Amino acid sequence: MKRLEDLVRPNIWQLAPYSSARDEYAGHEAHVFIDANENPYNKNFNRYPDPLQRTLKEKVSQVKGIPAENIFLGNGSDEAIDLPYRCFCRPGIDNVVAIEPTYGMYRVCADINDVEYRPVLLDEHFQISADRLLAACDEHTKLIWICSPNNPTGNNLQREEILKVIEQFEGIVILDEAYSDFSSQEPLRKKISEYPNLIVLNTMSKAWACAAIRMGMAFASKEIIHFFNKVKYPYNVNLLTQEKALEILSNPYQVEEWVRIILQERSRLIEAFKQLPICKKVYPTDANFFLTKVDHANDVYNYLVQQGIIVRNRSKVTLCDNCLRITIGTRSENSELLSALRSL
C-alpha cells in the first residue's frame with residue numbers, strides 16, 4: 001500500500017473540518033445549551049444530534065465486533081460509497097476499477113465526482129479475477145470496488161481472489177458486504193486490522209430490515225475513518241435514525257430469526273422456480289435474492305407488473321441478458337409470485 005498521504009487528495013489532507021457546537025465542549029458535562037442557535041422548546045427534537053454518533057457506534061461495535069474508532073456511520077451506504085471518491089480521487093485525473101456487473105451506485109458516484117470508472121467483467125460463473133482487476137489499474141487508480149455477495153448476481157466472490165487484490169493493490173480496496181448476513185462465509189470486516197488499505201461496507205437496510213431509516217456503515221483503519229469524518233456533513237445521521245438503529249441493534253436475535261426464515265424461503269422458492277417452464281437457469285446465491293435467466297424476461301416482467309408483483313428486470317445489465325432478480329419475500333408473497341408465473 002502507498003502512504004496514506006499519497007492516496008488522499010491534497011486538499012482533503014489539509015482540510016480544516018467544520019467544528020460543530022457539539023464537538024467543542026466534548027468531554028465536559030453540560031445542562032444549559034445556548035451555543036448552537038437552537039430553539040429551546042420541543043424537547044428531544046430541538047437539539048442537534050451527536051455528530052459522531054458515539055453511543056450508537058458503541059452498540060455497533062458490540063454487535064459487529066469492530067472497535068468504535070474503526071466505524072463510520074452514514075446516511076445510507078450511499079454516503080459511505082461517495083466519501084472514498086471525495087477523499088481519495090482527484091476529479092478528471094484519478095480513476096477507479098470495479099467488477100462488472102455489480103451495484104450501480106459505484107459508477108453513479110464516479111460520474112458525479114468526475115472520476116473515470118473502469119469496469120472489469122466477471123467470468124461466465126460471475127467470478128472475479130484478481131489478475132484482470134489489477135491489470136486494469138495504472139498509477140492514477142485510487143480505488144477498486146468489489147461487492148460480495150455481489151449484486152445483482154447474488155454469489156460470494158472467491159475469497160482468495162479478493163485477498164490477492166487487497167494484498168497486491170497499492171491503493172484502497174472497498175469491499176461491500178451489504179448481504180453478508182445471508183452468507184455462511186466469514187465477513188472480511190474482521191480483517192481490517194490486517195489490511196490498512198481495506199474499507200468494508202455494511203448496512204442496516206438488508207438483514208436488519210431498516211431500509212427506511214437510511215443508515216450505512218464503513219469499517220476501516222482509524223486513519224481512514226478520520227478522513228471520512230473530516231469530509232462528511234456535520235450531522236449526517238439524524239436523531240430518529242440513531243434511536244431506531246439503537247433499538248433494532250439491541251435485539252439481534254430477532255434479526256437472526258428473520259435471516260433464518262428468509263434462507264428457508266429462499267431454498268423453497270428457488271426449487272419451485274426451477275420447475276417453471278419459463279425458467280432457464282437459477283444462478284447460485286448467498287444473498288436474500290436470486291438471479292434467474294428466463295424466456296422473454298421483458299414480457300415476464302411486464303406480466304408480473306400487471307399482476308401487481310414487482311421484481312427487478314436486469315436484462316440490460318452486462319452478462320445478465322433475459323435475467324430477473326427476485327428478492328425473497330414472505331411465504332405468502334413468494335407463493336403469490338409462483339402462482340402468477342404458473343398461470344403465465
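# Reading charges, cores and strands

Author: Buried means under 20% relative accessible area and exposed over 50%, with partly exposed in between (1.4 Å probe, protein chains only). The model is predicted, so local features need pLDDT of at least 70 and side-chain atom pairs count only at pLDDT 80 or more, while totals for chains, interfaces and linings use all residues. Residues are numbered from 1 along each chain as its sequence is written, and side-chain values use heavy atoms, leaving out hydrogens and water.

Reader: Thanks! Which residue does Arg90 meet in a salt bridge?

Author: First the idea: side chains of opposite charge can pair when their charged atoms come close. The rule for a salt bridge is a side-chain nitrogen of Lys or Arg within 4 Å of a carboxyl oxygen of Asp or Glu. The partner of Arg90 is Asp94, at 2.9 Å from N to O. Asp94 is buried, at 1% relative accessibility.

Reader: How many salt bridges are there by this rule?

Author: The count comes to 18. Among them is the pair Arg54 and Asp50, whose closest N and O atoms lie 2.6 Å apart. Arg54 is partly exposed at 38%, and Asp50 is partly exposed at 24%. Another pair is Glu194 and Lys191, with 3.6 Å between the closest N and O atoms. Glu194 has 47% relative accessibility and is partly exposed; Lys191 is also partly exposed, at 35%. Salt bridges can link up too: Arg3, Glu5 and Asp6 are joined in a network of them.

Reader: Now the nonpolar side. Which residues have the most contacts inside the largest nonpolar core?

Author: A nonpolar core is a set of buried Ala, Val, Leu, Ile, Met, Phe, Trp, Tyr and Cys residues joined through side-chain atoms within 4.5 Å. The largest one here has 77 residues, and Ile146 and Phe273 have the most contacts inside it. Helix α11 (residues 252-274) supplies the largest share of this core, 7 residues. Helices (H or I, at least four residues) and strands (E, at least two) are DSSP runs, numbered from the N terminus. Apart from this core lies another, of 33 residues, including Tyr85, Phe88, Cys109 and Ala220.

Reader: What does Ile146 touch?

Author: Contact means heavy atoms within 4.5 Å. Not counting residues up to four places away in sequence, Ile146 touches, among others, Ile99, Leu133, Leu157, Val173 and Leu175.

Reader: In what order do the strands of the open sheet lie?

Author: Two strands pair if DSSP finds at least two bridges between them. Here 7 strands form an open sheet in the order β1-β7-β6-β5-β4-β2-β3, with mixed pairing. Its edge strands, β1 (71-75) and β3 (116-121), each pair on one side only. Inside the sheet, β4 (residues 141-147) and β5 (residues 172-176) run parallel and are joined by 5 bridges. The bridge partner of Cys147 in β5 is Asp176.

Reader: And Asn151: is this residue buried or exposed?

Author: Asn151 is buried, at 7% relative accessibility, and lies in the loop between β4 and α8 (159-168). Its side chain makes a polar contact with the side chain of Arg325, at 2.9 Å. A polar contact is a pair of N or O atoms within 3.5 Å; within protein, one must be able to donate a hydrogen and the other to accept it, and residues adjacent in sequence count only if both atoms are side-chain atoms. Leaving aside residues up to four places away in sequence, Asn151 also touches Pro101, Thr102, Tyr103, Tyr179 and Phe289.
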